[in-house]
Amino acid sequence: MALVSASISAIIIFYSFSYISHYENQTEYYLMVVLFFGAMMGLVFSGNLIFLYLFWEITAITSWRLIGFFREKLHVLRADKAFLVTLFGSTLMLIGFISIYQQNGSFDLAVLKNSHISNIAVVLILAGILSKSATLPLHTWLPDAGVAPSPVTALLHAALLVKIGVYVFARLFIATDFVIDEYWHIVIPVIAGISALVSAGAAMIETDLKRIIAYSTVSQIGFIFLGLAIGNEIGVVGALLYIMMHGLAKGGLFLCAGIVEQNSKTKDITQLGGLIRTMPITAVSFLLCSFSVMGIPPFGGFFSKYMVITAATQSGRLWISFIFLAGAVMTIIYLLRVFNLVFMGQAKTQPVKEGSAVMLISVALLAALSLAGGVLIYYPSQFLQLTVQQLQEIYR
Amino acid sequence: MSENILLLPVIIPLLAGILILAIRQRLGGLREIISLLATGSILLIAIALFKQELTYSLPWAGFGMEFIFRLYHFSAFILLAITVFAFLIVLYCCSFMQGKNYLNQFYSYLLISVAMANGAVLADNLVLLLFFWEGLLVSLFGLIAIGGREAFKTATKAFIIVGVSDLCLMIGIGIVWYLTGTLTISKITVPLNALGSTAFILLMIGAISKGGSMPFHSWIPDAAVDASVPFMAFLPASLEKLLGIYLLARISLDMFKLTAGSWLSVLLMSIGAITIVLAVMMALIQKDYKKLLSYHAISQVGYMILGIGTCLPVGIIGGLFHMINNALYKSCLFLTAGSVEKQTGTTNLNKLGGLWSKMPVTFVCFLIAAASISGVPPFNGFFSKEMVYAGAMERGLIFYLAAVLGAFFTAASFLKLGHSVFLGKRNRANENIKEASWPMLMPMIVIASVCVIFGVYNRFPLGKFIEPVLGGQKPVEHLTENTTLIVLTALVLAGALLHHLFAAGVMGGGNKASDHIRNAPILSNIYDRAEKRYFDPYDISLRAINKISKILLSIDRWINWLYDGLSVRLVCLFSNEIRRAHTGNYSLYLLWSLLGSIIILIVMLKGLGSW
């Protein structure tokens, strides 16, 4: 996890050198971004519920500043919304942590392992996790946050912020192995499934490029939750793989969107068209990253999607996997719709320049990594299996 | 010979494809040479490997996903067929594609498709199979999308249709793993209980949609308009049929052991019968060479599904034999369409005519292939169709009737096609055309002569390639014993000929020979709607998905309103009420403090009391 975050962050910073250089307040930008990464690392390595909460809130504050970076009224409002929704969730989560403390007398995750926690605590913690990882019904801040400067959105959505919620979920319910009632194993996948479907539907209708990709993130997070909530080995490995592959591919999509937005000055996909002729590298990278998100081999997304869906059938609840099948179908359709509208067909704008070399290298790199992740699946898969097996041995 | 050689049919075309993508566009000739070398060498490998049994395995992604290639008679046979077609098509392209755009991409995607198809055939692990199977999607998208300005729409359509069915395949594989605990195809036997049947249907969807059966067919006629002819001859006409029917045969014979009594077999046969009849009805009224052929590409897959669906040895062997025959004559037909298009610049039937004296070789090849697809003895299509008929007859008269009806219309539409392209009056614009060049004629001649050989010496392919698939089982009866069926077929063909002569006479011209069917009372309404795409399952479901999405978006907006609308209003309401308490009046504030401290006191006293 730390490895993935760090490498994606490096690419994003690289990209933002070029992107942000036109704007004011660069110092603040870099301060916030680096602070964000620091908090992220702290969160990943903390073994205590209170530290977890502290780092969690630091990321919330920095992302609040980053979304409202341009200081326009709308941006600030959206930033406030994101902050308030996540704060609402995390406060509930803090209460949940406190109730765990009352029951078990410790905040230390090593001490807490295998302990039973009450349903109310599960609900409270889930509220926190869902709000952070932008899952239904606490997801609408994420599409609204699309106003941020592009590398930030990429960073927020794809790589890190939303994955924090997923990570904490995995940390608490898989690694620490809280004992929870059986029906949560159905309720959580259903929430994730509804989230995947609703946001896929929204992505199908929206016309703002960044909002579509953001809704797509919400939808894909549903798949990750599915794998984790099912909780068998293939599901967990699949979900971790999903985090990795989705991070790479979605980051690439956001950065491509950033290039398109910066050079064409619009985010409305109905006003774009035919960009493949003037910006071939961006178009191809966008397409490759979309293939990975759709789960088409030989891209990395294929394996993670296969593992997660197989895990759902393994659990014996076939209908859950059909919900996600519908989600996957819609993913294919809306991503191709975006690609066709933006890059194919007749040009509707002035000829749009290709992005700068640094930006292009970043997107091409992400696309190539998505491809490599699939072709050389042996290595990440073995690595993750080892990780999950170790986790299970340590905590058993 | 080491097992590593099994990797070569995948690696060689893949590397060649990437290499071609990397070389410069201007470097004419080099890419053709690379493609020819690559396909030629895998053809040699496939010949050398035939009759051998090899397995090659590597650890892979875990959870039963292993990288296993297995070569045995069935996969060796399909491998051989794929490589032969690949070589011939590349040869054809060397001349046909001259002067077109995106040549590097074309050859590269073509070779990558070959690599993926070879991988899918050799794979002995379901996930590995799916990996290559879905990998074909990417090159399919590319191959259609480079066809022209608006071709990307068709490419998207093809991608979505095939992608959806591949996702079904994915879930099916998940269920198979759940039921059996293994993903190695040769070790799987799935019981046909409720869950097993679901798995079968899901896998079947994946297989038949690759084959282009209804209701997953509607991209093929569109692609016929947008994409290039070699693409049509290679992917929908031969390669995807081979793959789809290969998988269908494997799942229904090896993995699920379908028996003749089960409802799944009836389901398969019904899909086959419906596909035959509906697609051929559409083919009959087409006025475009390529589009007409593309509907036949859909219709013929119905015979194969029907044959395999019978679950009787004669039907299965007939279906598989039909698969290879169809790949032969259908690609030959598309290649003739290509040479007509190359020489005359059009494929519109109304503008063509009288080409036989100008393009005699193409005409003869067309004649052989058309006779073959119509089931005229002694060409190969006759024998495989007879076997399918025999199987269908045994399972139910209705299936037989559907198959024969299909044969009637097939014959009628090819009479019309041949009449209006090669016979009849020559268009004045076509006075100066010449025969196509040799690299284009060679593949056609080879394929057409194989059609004849497979027909006349039908024991050779049957005994050598097809029957080993069933483990040496011989079909129950030999064809010669089935005289009634043969007489019936002959009658049907004669009927089609008479019908054509009559209709062409009345309507005046070969290209109008099907107009009376087009304009028949009830049919004309249906045809009108079909041409406006009311029945296209793709369009219907896209509209449905769009509606559902709107509903889902409104749910999303409603949730958003909870935050943007409701909570804001609640907070305002609440704080307005609180604000009223802050009047600036000191005595009021004192009162509040007093009340508060009294409450605290009470709570503390209570606490003390209980303590």
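Tutor: A residue counts as buried if 20 or more other C-beta atoms lie within 10 Å of its own, with C-beta atoms placed from the backbone. This is a predicted model, and of the 396 residues of chain A, 60% count as buried by that definition.

Student: OK, and how many helices and strands does chain A have?

Tutor: The secondary structure of chain A comes to 17 helices and 0 strands. As for its contacts, among those between residues at least 6 apart in sequence, 81% join residues at least 24 apart.

Student: Can we take one helix, H3 of chain A: how far does it reach from its first C-alpha to its last?

Tutor: Helix H3(A), residues 49-67, has 19 residues and reaches 27 Å between those two atoms, close to the 27 Å expected at 1.5 Å a residue.

Student: Switching topic, how many residues does each chain give to the contact between A and B?

Tutor: Chain A gives 40 residues and chain B gives 36. On the chain A side, the elements that give two or more residues are helices H4 (73-104), H10 (184-205), H14 (300-314), H15 (318-343) and H17 (378-394). The largest share of that side, 9 residues, comes from H15(A).

Student: What sort of residues are they, by class?

Tutor: The side of chain A that touches chain B has 28 nonpolar, 11 polar and 1 charged residues.

Student: Now chain B: at what angle do the axes of H12 and H14 cross?

Tutor: The axes of H12(B), residues 313-344, and H14(B), residues 380-395, come within 8 Å and cross at roughly 150°. Angles over 145 degrees count as roughly antiparallel, so that is how H12(B) lies to H14(B). The crossing is left-handed.

Student: Which residues meet there?

Tutor: Among them, Val314(B), Ile317(B), Phe321(B) and Tyr329(B) are on the H12(B) side, while Phe383(B), Met387(B), Val388(B) and Lys385(B) are on the H14(B) side. By class, this contact has 10 nonpolar, 9 polar and 1 charged residues.

Student: Last one: is H4 of chain B largely enclosed or open, and why?

Tutor: Helix H4(B) is largely enclosed by the rest of the structure, because 17 of its 20 residues are buried. At 1.5 Å a residue, H4(B), residues 103-122, should span 28 Å, and its end C-alpha atoms are 29 Å apart, which agrees.

Notes:
Residues numbered from 1 in each chain as written. Chains lettered and ligands numbered in written order. Predicted model: local features only at pLDDT ≥ 70, side-chain atom pairs only at ≥ 80, totals over all residues. Axes fitted to C-alpha atoms, helices over the stretch in contact; angles between N-to-C directions. Helix = DSSP H or I, 4+ residues; strand = E, 2+ residues; numbered from the N terminus. Parallel < 35°, antiparallel > 145°, perpendicular 65-115°, else oblique. Left-handed = near helix turned anticlockwise from the far one by under 90°. Contact = placed C-beta atoms within 7 Å. Nonpolar A, V, L, I, M, F, W, Y, C, P; charged D, E, K, R; others polar. Expected span 1.5 Å × (residues − 1). Buried ≥ 20, exposed ≤ 12 C-beta atoms within 10 Å, placed from the backbone.
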